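Q: I would like to learn how to read the features of a model like this one. Can we take them one at a time?

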Amino acid sequence: MFTLSRHGRVICSQVPQASCNGFDEVHEWPVLSSEDKEEIISRVERIIEGNNEHHEFLRQRAALMLDEMLENALYNAPRDLNGNQIYAKGEKRSLVSGEKILVRCAYDGERLFLEVSDSWGKLSPEIVQGYIAINLAHDTSTDRAGRGLYFMWKFMKDFYVNFVPGLKTSVGGYLLLNPDTCEYGAT
Amino acid sequence: MEQQFKIEIKKGSTSDTVHFHGNIDSHADNHFDDLIKSVSKRMVVFDFSSVGRINSMGIALLLRSIKSLKTEKGAEISIQGANQINTMLFKMTGIYLLAPETKRL
């Protein structure tokens, strides 16, 4: 298990800082194909009740985070024996035998917990730290790897990666209804 | 319900306004090839008022098209109508350095 500091450094830990403990209700949805993505994003948006600008901004961030997390699980995580990506982004795909993707979500009116797990276990601390570092360099490279992870790290409080090599990767954290003044999506 | 992505170009006397509709992600890829061909004015406005979500792939597509329009057609591009999260993404990824924000008239 590791988290990332606000400077992009890896902090290894035994226990996640973010979890769904303490929430009254935790939603769990398995993903069976790429076609499930929009439906799951809609479900999470519906959980965030409220019509003021803060709720709307939380829904926007939640949709983006889930999009990036699910794209990672569906397309970036599956790798062949040579480490090459198996599926192209945007390609319709169903999960293969033995493959699992699970979305967990909980909301208490202030914090939205989001986690997506896959059964590939490819996201090592070195890879994540490398992605964050190249995205912290503020140039405008077009096809920069890891931009989605960078967005997660920027927007999520206590962003973490739980990684069992070759078996499981979980990526998660909190989105705040009212982010701190200078972090996690505050303007 | 997800809105199908499309691009609409309105030709003005001095500028072309490119209206994006729907989510911008990997499914929008092919539409961007046509965009480069269709723009003819030097002044170009990208309007995002009908856009939902833009993910990291969508950001890459936008960066690519903005750079192509600037280098191949010498275009000056500005951006209008982005919602709160998309405005943040444009700031984080340097899109506003290439195509500054403008207020709608």
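Q: At what angle do helix 3 of chain A and helix 4 of chain A pack?

A: First the conventions. This is a predicted model, in which local features need pLDDT of at least 70, side-chain atom pairs count only at pLDDT 80 or more, and totals for chains, interfaces and linings use all residues. Residues are numbered from 1 along each chain as its sequence is written, and chains are lettered from A and ligands numbered from 1 in the order in which they are written. Helices (H or I, at least four residues) and strands (E, at least two) are DSSP runs, numbered from the N terminus. Axes are lines fitted to C-alpha atoms, for helices over the stretch in contact, and angles run from 0 to 180 degrees between N-to-C directions. Here the two helices of chain A, helix 3 and helix 4, pack at about 85°, with their axes 9 Å apart. Angles under 35 degrees count as roughly parallel, over 145 as roughly antiparallel, 65 to 115 as roughly perpendicular and the rest as oblique; helix 3 and helix 4 of chain A are therefore roughly perpendicular.

Q: Which residues of helix 3 of chain A meet helix 4 of chain A?

A: Contact requires C-beta atoms, placed from the backbone, within 7 Å. From helix 3 of chain A come A:Val128, A:Tyr131, A:Ile132 and A:Asn135, and they meet A:Arg147, A:Leu149, A:Tyr150 and A:Trp153 in helix 4 of chain A. For classes, Ala, Val, Leu, Ile, Met, Phe, Trp, Tyr, Cys and Pro count as nonpolar, Asp, Glu, Lys and Arg as charged, and the others, Gly among them, as polar. This contact has six nonpolar, one polar and one charged residues.

Q: Is A:Leu136 buried or exposed?

A: A residue is buried if 20 or more other C-beta atoms lie within 10 Å of its own, exposed if 12 or fewer, and partly exposed in between. A:Leu136 lies in helix 3 (residues 125–136) of chain A and is exposed, with 12 other C-beta atoms within 10 Å. Of the 187 residues of chain A, 37% count as buried.

Q: Which residues have the most contacts inside the largest nonpolar core?

A: In soluble globular proteins, nonpolar side chains tend to be buried together. A nonpolar core is a set of buried Ala, Val, Leu, Ile, Met, Phe, Trp, Tyr and Cys residues joined through C-beta atoms within 7 Å. The largest one has 76 residues, and A:Ala62, A:Met65, A:Leu66 and A:Met152 have the most contacts inside it. Helix 2 (residues 53–76) of chain A gives the most to this core, with 11 residues.

Q: How many residues of chain A are in contact with chain B?

A: The count is 21 residues of chain A, in contact with 21 residues of chain B. Helix 2 of chain A gives the most to the side of chain A that touches chain B, with eight residues. That side divides into four nonpolar, seven polar and 10 charged residues.

Q: In what order do the four strands of the open sheet in chain B run?

A: Strands of a sheet pair through backbone hydrogen bonds, either parallel or antiparallel. Two strands count as paired if DSSP finds at least two bridges between them. The order in chain B is 1-2-3-4, with mixed pairing. Strand 1 (6–11) and strand 4 (76–80) of chain B are the edge strands, each pairing on one side only. Strand 3 (residues 43–54) of chain B pairs with strand 4 of chain B in the parallel sense over five bridges.

Terms used
Two residues are in contact if their C-beta atoms, placed from the backbone, lie within 7 Å.
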